[in-house]
Amino acid sequence: QAKAEGRNCYRMFDAAMDEAITRRRELERDLRTALANGGLELHYQPQVRAGSCELIGFEALARWRHPVRGLIPPGEFIQLAEETGLISALGEWVLRSACSEAARWTRPLKLAVNLSPREFQQSDLPERIFAILAETGLPPSRLEIEITETAIFADMSRALSILMRLKALGISIAMDDFGTGYASLATLQAFPFDKIKIDRSFVGQVETSPQAAVIVRAVLGLGRSLGIGVVAEGVETAGQVRFLVGENCEELQGYLFGKPQPIESFAEVMGGRQACDLAIRAAPVRQP
Ligand code: C2E
Ligand code: MG
Ligand code: MG
Ligand code: MG
């Protein structure tokens, strides 16, 4: 009896495994197709100066428009792309599309692009990026690369060499999601970051958790002492803005100022209007 049940259990497990493997294979095939046929798109999220709400730039965020499943967020396909080796082509597409978009903007706003740890490990990354800048005509000074600490810890000396070469080209580097992993003070000292992005898990709690407020204040102090700019990610409320401005945080990003959207949604802003209009209108932003 027990034995039979056990066998049943295994059979169910096998079936579930088979299903997961099939699903994954389908998804991999679909992602390959999307890459080849324009199934990926970029949304852009504004970054603003804290005191004035002046628009500084946009972070490009990848989206996959799946024919059956609809809009898939990067959390569900970047890892798949890394595991299947598609990340290199995906990253190249993201960079080329974002840079050629930003090169057309009527104002010289900054463009932030995320790189996954795997992409960051390509030793010829600086040359690849430089080729894309040359091809699209975007000045290197307008590009900011965002990486997480995982990208660095895989191979510290290679990471340092890549960062130095990117910086030598005039590209700036931001440490994304700061505070969520193992990045230490030593990391900030040893690597030439231009910017720290405080993870939104802290920013979202500055009004409700004294610990989160202390951490955010400490990161801001750290940035000031080291001469590194600090951006608060995931700003959603006016109270958070008040806290951050009070603590002299320089840059803000979050749903309050605009959700990631196709660039066309920001047409007025691109035409010269201030981001404050954007912040006011952003509250009831159209749902995609
Ligand atoms: P990230 O770089 O930390 O991007 C910020 C994420 O927080 C975005 O999620 C954004 O939509 C979300 N966010 C921004 N403001 C708020 C807010 O006020 N509240 C809340 N709840 N969320 C907010 P998204 O677009 O789903 O991206 C998730 C992650 O996927 C990114 O985190 C980044 O690590 C990665 N990613 C996105 N695009 C790319 C890409 O083109 N290449 C690579 N390698 N990774 C990407
Ligand atoms: Mg980012
Ligand atoms: Mg982040
Ligand atoms: Mg993140």
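I take as donors the N, O and S atoms within 2.8 Å of the metal (3.2 Å for Na, K and Ca); water is not among the atoms, so sites may look incomplete.

**Ground rules.** The model is predicted: local features need pLDDT of at least 70, side-chain atom pairs count only at pLDDT 80 or more, and totals for chains, interfaces and linings use all residues. Residues are numbered from 1 along each chain as its sequence is written, chains are lettered from A and ligands numbered from 1 in the order in which they are written, and side-chain values use heavy atoms, with hydrogens and water left out.

**Magnesium ion (ligand 3).** I looked up the donors of this ion and found Asp-176 (OD), Asp-177 (OD), Glu-233 (OE) and Glu-233 (OE), at 2.0 to 2.5 Å. Along the chain they follow the spacing D-D-x55-E. Asp-177 sits in strand β6 and Glu-233 in the loop between β8 (229–232) and α11 (238–246), so the pair links parts of the chain 56 residues apart. For strands (E, at least two residues) and helices (H or I, at least four) I use DSSP runs, numbered from the N terminus.

I then checked burial: buried means under 20% relative accessible area, exposed over 50%, and partly exposed in between (1.4 Å probe, protein chains only). Glu-233 is buried at 10%, while Asp-177, at 26%, counts as partly exposed.

Glu-59 belongs to strand β2 (residues 55–66) and Asp-176 to strand β6 (residues 172–178), 117 residues apart. Both Glu-59 and Asp-176 are buried.

**Whole protein.** I count 13 helices and nine strands. The radius of gyration, over C-alpha atoms, is 21 Å, close to the 19 Å of the globule rule for 288 residues, so the protein is as compact as a globular protein of that length. That rule is 2.2 Å times the number of residues to the power 0.38. I note that 46% of the 288 residues count as buried. With contact meaning heavy atoms within 4.5 Å, 67% of the contacts between residues at least 6 apart in sequence join residues at least 24 apart.
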